[in-house]
Amino acid sequence: AAAAAAADTAAVLAPSTVSMVDSPLSLVAGAGSSVGGGAEGTVASTTTATTTKEPKKPRAPKKAAAEKKAAEDGAAAEEVITERICPGMVLRGDIELRNELDEPVRLGDLWENNGILLFAYPKANTPGCTTQACGFRDSLHQLKNYGFEVYGISADSPKSQRNWQMKHQFGYHLLCDPDLKFLTGLGATRNPKKIKRSHVLVEKGGRVRDVRVQISPADSIHLALTEALRRT
């Protein structure tokens with residue numbers, strides 16, 4: 001009876017022992033088959049993951065800045081008036097500058113409802129330019145009676161223009177053209193970015209009445225008034 005009981009116990013334990021040994025192997029095989037058919041499938045999957053395309057490296061900051069500046073310079077060049085301004089021509093109105101308050105000013109808006117007298121000067125707050133600007137300040141009401149608003153223009157910054165305007169109480173706006181968008185067409189530039197004293201009389205609608213380039217402060221004032229009065 002004791003021998004029979006021992007045999008029965010051995011029979012029960014034997015399958016359990018095999019199951020404990022086989023079970024981990026079967027789990028590994030199962031995991032392998034789920035990702036590609038065993039160990040080979042696992043290796044293949046790993047290889048695929050490591051050969052994926054790498055993301056593009058960001059452009060170097062200096063190169064990106066250079067490309068941006070080139071694009072801006074190209075856009076600015078397209079806005080420059082390249083055709084020489086002369087009496088009888090109708091001016092483009094799409095040029096945008098800034099005034100002494102650092103506000104955007106579209107040139108076409110200036111002559112939409114009235115004529116303008118636009119005088120150019122080499123540098124704000126210098127003796128000859130102050131003489132010219134003060135002369136137009138003192139003639140402001142006369143020119144308005146002839147149908148012309150007065151504006152000054154140079155390559156100076158808004159801050160320089162504002163300080164000069166406030167110092168002498170000009171009573172009209174000063175435009176900033178550092179890229180010479182308008183002054184180039186006026187013929188009022190010389191290298192490197194120097195401005196010739198000039199003025200242009202523009203009728204309502206944008207037709208040029210008179211242009212004077214490389215002129216003295218006194219002559220600029222006198223001839224602008226004479227021309228405005230003569231055609232009234």
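1. In this predicted model, Tyr151 has His173 of strand E5 as its bridge partner. Strand E5 spans residues 173-176, and its pairing with E4 is parallel, over four bridges. E4, helix H7 and E5 together form a β-α-β unit that is right-handed.

2. Strand E4 also pairs with strand E3: the two run parallel and are joined by six bridges. Within this pairing, Ile116 stands opposite Glu149 of E4. E4 is largely enclosed by the rest of the structure, because six of its seven residues are buried.

3. The loop between E4 and helix H7 (158-168) contains Asp156. Is Asp156 buried or exposed? Its relative accessible area is 9%, and a residue counts as buried when that value is under 20%, so Asp156 is buried.

4. The surroundings of Asp156 deserve attention. A polar atom of the Asp156 side chain lies 2.8 Å from the backbone nitrogen of Ala124. The side chain of Asp156 also makes a polar contact, at 2.7 Å, with the side chain of Ser154. When residues up to four places away in sequence are not counted, Asp156 touches Tyr121, Pro122, Lys123, Ala124, Gln161 and Cys176.

5. A separate region of strand pairing involves E8 and E9, which run antiparallel and are joined by five bridges. These strands form a hairpin with five residues between them. Gly205, in the turn of this hairpin, has a positive phi of about 100 degrees. Across the pair, His199 stands opposite Arg212 in E9.

6. The next point concerns the nonpolar interior. In soluble globular proteins, nonpolar side chains tend to be buried together. In this model, the largest nonpolar core has 26 residues, and Ile85, Phe182 and Leu186 have the most contacts inside it. At least two residues of this core come from each of helix H4 (107-110), strand E3 (115-120), strand E4 (148-154), helix H8 (183-186), strand E8 (198-202) and strand E9 (208-213). The element that gives the most is E3, with three residues.

7. Which residues are in contact with Ile85, leaving aside its neighbours within four places in sequence? They are Leu91, Phe182, Gly185, Leu186, Val208 and Val211. Two of these, Phe182 and Leu186, are themselves named with Ile85 as having the most contacts inside the largest core.

8. There is also a second, separate core, which has 21 residues. Among them are Phe119, Leu143, Tyr172 and Leu201.

Definitions and conventions:
Residues numbered from 1 in each chain as written. Predicted model: local features only at pLDDT ≥ 70, side-chain atom pairs only at ≥ 80, totals over all residues. Heavy atoms only, no water. Core = buried A, V, L, I, M, F, W, Y, C linked by side-chain atoms within 4.5 Å. Buried < 20%, exposed > 50% of the residue type's maximum accessible area, 1.4 Å probe, protein only. Contact = heavy atoms within 4.5 Å. Polar contact = N/O pair within 3.5 Å; in protein donor to acceptor, adjacent residues only side chain to side chain. Pairing = 2+ DSSP bridges. Right-handed = clockwise from strand over helix to strand, strands pointing away.
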